[in-house]
Structure formats: structure tokens, C-alpha cells
Amino acid sequence: MKKFISALFKKVDSVVKMAPTRFFPNISKDYASETIVEIPEDHIKTEINLMIENIMANLKAVPMYGEDGFYLGTAGVSYMFYHLSKLPSFQNQSSTFIENAVEYLQPSLATAQKYAARVKDVPSFVLGNCGIYALASVIYSKTGQTAECEYFQKLFYDTANTCKEMQFLTCGADELFVGRAGYICGALWLARELKIQPKLQDLYDICSVIVASGRRYASQHQSQSPLMYAYYDVEYLGAAHGLSSILQILLSVPGFLDANPSDAKDIKASVDYLLQLQDDEGNFPSATDEISRPAELVHWCHGAPGIVYLMAKAYLVWNEENYLKSCIKMADLVWNKGLLHKGPGLCHGIAGNAYVFLLLYRLTNDQKYLHRALVFMRFMETDQFKRHSRVPDNPFSLYEGIAGTVCFLADLTVPSKAAFPFFDVFNNE
């Protein structure tokens, strides 16, 4: 796993200068009438079932695919099946999907057990053990296996103490994929899915450590933001492992801002620091060392399609129009430059970008955003996309491949509840 993480997060000239071929030109007409957008549910379900057949034929539930957590491993496919099982459109397949979820969970559980002794790796939510424990607890609750549900729930909650250590990871202990923000994200998701109260004292303690860590780093490095963080020595700003998702998670913990007004002040000032980095086109630099360069990455992991969730959460928390305006600018950017050559995935692909429109639909109830989401869906069905888009390194996974695309398509059938996996800003507000 360490080899994968190192390769994933190593700063590669971030980013090669953006060529015109980074995205397909969007030549589709935007929504221009007051008509109600119709969701082609039967067509979507047919496409989803074809993708599921493809995934199950090519990504088997075997140990060699059990590593790398939700991001690349079978845990991500297990999550996909669990997500489908909850949706009204798939109720006649729900029990089958839960069986599939259990099957694809097993290789990841075996991997988690293999790495359980490496205590400092266990809190990893997106890439490691904690995410697997949370998903196992939820799935076993669904199957009525109460003892297993409680066992994995306990394993998850026992990890909170590791997260309270200021530097339990030397590479950066606060971010989303392997750090404290991810643990909190998982804890909120777990409580929501099990319909139980989150362990707020643990979450408040961890939030306080995140704030203290961010203040200390910002002071040491003379940051213009009251809170700043680095991961592998890079001050990332995007959702995958940067400032935006850390702040988003802090805003998501029920009652934390009210209980900690001085922390709340620095959190808001940090959100506003990030907001003022938004360029005229609507995008953001991927890291602080790129602030003086054009912001070129229109990805969930780096750029507007991930930062939009922070600004949406800020709007829901503080009800200030500047945050909503920021979200609208980001959605317009994604409409213009979001049909990525990189493939169909969530992290840096078209499905991840299309989720921005479903977010804006929930924020504004504007049919325009449903129209845009459907345009992105249909583009992924075109010969142009199939012939000229890049095949991801892991084409059947949740974050890079079509398992994530399935989640997006499924959420199109219930747009009033749609949310990027683990990033539902409308909960805990």
C-alpha cells in the first residue's frame, strides 16, 4: 500500500501545462427553457446493469484486488453494491446487491487484517482499514449479523485514539485519504448509515487536534490562512488530500463550531482565504506553490470539482451568498471544461465532475443542473468518448473506474438525494 500511496501523491510537476486535449470541447446546448427535465430511468438501469456485468467479469472478489481500500480495491466495488441496494430504483435487486457487497468486502477485510498491526495505517478511511471497518459494520447490519456489525464498529471507534496523536503520520496526519479528516468523514457516514448518534466527544477532540495542527503549521510557514496543512511536504488545496476537504469535514461535525468559537473563527477565515483564490473562470490552484500560475486541473481531487463541496457546506452553515456564487461559478467551469479525457471516474473523470451538477441541483432546485448532468452521462455513451478517452489504470474501481460511474448514474435516478460518495454536505448541517 505504501508504494501505491507514494506514487499517487508524489508531486509531479502538477501538472504538466494544460493542453487543449485535456478535455473534450463541450458542444452540447445548455438548458435554455423552463421545461421539466425527464430522467431516463429505464435506460440508466440498463447501462448500470451492463457496467456491473463488466465489473464482475473483470475485477473478481479475490485477494489480489483487496488492497488500496475504497480507492482502487474491492471495498470500493462493495460500497457500490451497498449504495445501489438502498435506492428505490433498484429495490427488486436489493438483496442480490447486498450479497454482492458481502462478496466483494471479503478480500478487503483480509487485507485489513494483514495490516492491522501497523497501527498508524489503520485510521486511513479512503485507502485503508477504517473505511473497510465502517463498510463492514454497515453491511453486516443490513444482513442482520449483529455480532459482526458491532465487532467492526468497535474496531473503527477504537482508532479514534490514534487520530488524537498530533503526528501519528509524519507525511501529514490531517488529510482525507489517510488522515484525521478521513476518520471523521467515516465516523459521520457510519453513524448516518446505522442511524446512531456519532461519538461527538471523540470527534470534537479530533477536530481540536486538526485545528491545532493547522494553526501550528500556518504559523511555522507564515501562511496567509489561519489554518494550513501539508501532505508529503505539499500544501494541497483540493479535496483529495488538501485544505478544502479538511475544512469541509470540520464544518460537518454537529455542534463543533458553536462549542468552539475561536476555532470556528479560524475555520471561517481559512474558508474565506481559499475562496479569494478562486479565479475568474471559477477554478482554484491545486496547491499553494501554484497560486501564481493558471489553475488548470478541473478534477475532484485537485480543483473546483472537489472544492465546490466545501463552498456548498459553507453556504449551508453560514447562509452567505458569496459561497453559493462560488459554487455556481465552479459548476459553469465544469460545464465548459469538465468532459475530461482521463476517463469516466470520480477522482479525475467525468462522473466525478458531473456530480457537481447534482450538488448544484440540490442547492438551487434549478433544472439546468439536471440537464447538465444528463449531458455528461450521455457523452460517456458516445463513440467519441469511448474511442478517445484514456483508459484508467484501474478501470473497474470506485474512484478511478466505472464503479464510481455506476454510483453517479444510480444517483441520477434520485437527484434530490444524490451525493458524491461520503461527501453529502446536506447531512449534519
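Buried means under 20% relative accessible area, exposed means over 50%, and partly exposed lies in between, with a 1.4 Å probe and protein chains only. By that definition Cys347 is buried, with a relative accessible area of 3%.

This is a predicted model, in which local features need pLDDT of at least 70 and side-chain atom pairs count only at pLDDT 80 or more, while totals for chains, interfaces and linings use all residues. Residues are numbered from 1 along each chain as its sequence is written, and side-chain values use heavy atoms, with hydrogens and water left out.

Start at the annotated site. An unreviewed UniProt entry lists Cys301, Cys347 and His348 under "binding site". The three span 48 residues in sequence, yet no two of their C-alpha atoms are more than 6.4 Å apart, so they gather at one spot. UniProt positions are given in the numbering used here, feature names are shortened, and annotations may be inferred rather than shown by experiment.

Where does Cys347 sit? Its place is in the loop between helix H15 (321-337) and helix H16 (350-364). Helices are DSSP runs of H or I with at least four residues, numbered from the N terminus. Contact, here and below, means heavy atoms within 4.5 Å. Not counting residues up to four places away in sequence, Cys347 touches Tyr71, His299, Trp300, Cys301 and Tyr399.

His348 is placed in the loop between H15 and H16. His348 is buried, with a relative accessible area of 15%. Residues up to four places away in sequence again set aside, His348 touches Tyr71, His299, Cys301, Leu340, Lys342 and Glu400.

The axes of H15 and H16 come within 10 Å and cross at roughly 145°. Axes are lines fitted to C-alpha atoms, for helices over the stretch in contact, and angles run from 0 to 180 degrees between N-to-C directions. H15 passes H16 in a left-handed crossing. Left-handed means that the near helix is turned anticlockwise from the far one by less than a right angle; clockwise would be right-handed.

Which residues of H15 and H16 meet? From H15 come Leu324, Cys327, Ile328, Ala331, Val334 and Trp335. From H16 come Asn353, Val356, Phe357, Leu360, Leu363 and Thr364. These contact residues divide into 10 nonpolar, 2 polar and no charged. Ala, Val, Leu, Ile, Met, Phe, Trp, Tyr, Cys and Pro count as nonpolar, Asp, Glu, Lys and Arg as charged, and the others, Gly among them, as polar. An α-helix has 3.6 residues a turn, so residues three or four places apart point the same way.

Gly282 lies in the loop between helix H13 (261-275) and helix H14 (304-318). At 0% relative accessibility, Gly282 counts as buried. Beyond residues up to four places away in sequence, Gly282 touches Ala304, Lys329, Met330 and Leu333.

Move to helix H6 (residues 129-142). H6 has 14 residues and reaches 20 Å from its first C-alpha to its last, close to the 20 Å expected at 1.5 Å a residue. The expected span is 1.5 Å times one less than the number of residues. How many of the residues of H6 are buried? The count is 12 of its 14 residues, so H6 is mostly covered. Among them are Asn129, Cys130, Gly131 and Ile132. The buried residues of H6 pack against helix H3 (69-72), helix H4 (74-86), helix H5 (94-115), helix H7 (146-158) and helix H9 (180-194). Gly144 follows H6, with a positive phi near 80°.

Thr74 lies in helix H4. Thr74 is buried, with a relative accessible area of 0%. Leaving aside neighbours within four places in sequence, Thr74 is in contact with Lys60, Ala61, Val62, Tyr65, Gly66, Tyr104, Pro107 and Ser108.

Thr162 is found in helix H8 (residues 160-163). Thr162 counts as buried at 9% relative accessibility.

Two backbone details remain. Asp68 has a phi near 70°, a positive value in a residue other than glycine. Asp68 is found in the loop between helix H2 (41-58) and H3, and counts as buried at 13% relative accessibility. Tyr232 has a positive phi of about 50° although it is not a glycine. Tyr232 is found in the loop between helix H10 (200-220) and helix H11 (243-252). Is Tyr232 buried or partly exposed? At 38% relative accessibility, Tyr232 counts as partly exposed.
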